[in-house]
Amino acid sequence: RPVLLVRRAMYAAIRRSSRTVSFLRGRGACLPVTAVRSLSTPSPSDGAEKPAPDELPAANGDDRSSAGASGEAEEVQALKQQLAEMEEQLKQRHDQLLRAVADTDNIRKRTAIDVESAQKFAITGFAKSLLDVADNLERAIALVPEEVRSGDENPMMRSLYEGVKMTDDQLVKVFNEHGIERLDPVGTKFDPNYHEALYEVSNPAAEPGTVAQVESVGYSLHERCLRPAKVGVVAKRK
């Protein structure tokens, strides 16, 4: 548009100059040829069409375009690098979060197991103290002859036996309520986790490695050995 405006202004000036020359000639004025030419024809400095901004060499525009393109490419590359770094950081944070969650879950499980074990085996010391009482009751029952247990010849001894037997049964019941079990492994396979072998006996009718005799019963607390049973084991056949 600036070029068009310049051109229009120039053409209007030429037309006005031409009209002025015609008017003067019509009045009979005598003008020098150079003057007429100067009025009718624009000077090279005035009439030469100046290059429009749009018609300037395209080198500057190309330089600016290339510079802008290179700047945008560098900015895109920097953003891509920043995005890659953020993705790597996010991946690391995600891995750390998963490990933290796994560690927390393991700690929670171990804590629950420890709490449960503490509740189950909190009475271990007290239970071991009562085992001697149970052994004494069992020995007292074993000392009563069979005829006294079932006969009427000695009612006082029989009543005493029945009282001791009831006490032993009640104690065993309380043991069972708290997870304490009496181990009397006669005829079962020897288990070193629950049995303590005192000697070996020869018994052709029994399978080698089984418990032949029990010298002292054992006890377990929630399937954990509280006291091993002292036993005699059937020896291997030669």
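**Close-up views of a predicted model**

View 1. Where pLDDT is low, the predicted coordinates should not be read in detail. The protein chain averages a pLDDT of 78, and 71% of the residues score at least 70. This is a predicted model, in which local features need pLDDT of at least 70 and side-chain atom pairs count only at pLDDT 80 or more, while totals for chains, interfaces and linings use all residues. Residues are numbered from 1 along each chain as its sequence is written, and side-chain values use heavy atoms, leaving out hydrogens and water.

**View 2. Helix 7, residues 155-177.** Helices (H or I, at least four residues) and strands (E, at least two) are DSSP runs, numbered from the N terminus. The 23 residues of helix 7 reach 33 Å from first C-alpha to last, close to the 33 Å expected at 1.5 Å a residue (1.5 Å times one less than the number of residues). Y161, V164, D168, L171 and F175 are its buried residues (under 20% relative accessible area, 1.4 Å probe, protein chains only). Their cover includes helix 5, helix 6, strand 1 and strand 4. Just after helix 7, G179 takes a positive phi of about 85°.

**View 3. Strand 6, residues 229-234.** Five of the six residues of strand 6 are buried. Strand 6 pairs (at least two DSSP bridges) with strand 2 in the parallel sense over six bridges; V233 is the bridge partner of E200. Strand 3 runs antiparallel to strand 6, joined by four bridges, and V214 has V231 as its bridge partner.

Terms used
Buried < 20%, exposed > 50% of the residue type's maximum accessible area, 1.4 Å probe, protein only. Contact = heavy atoms within 4.5 Å. pLDDT = per-residue confidence, 0-100.
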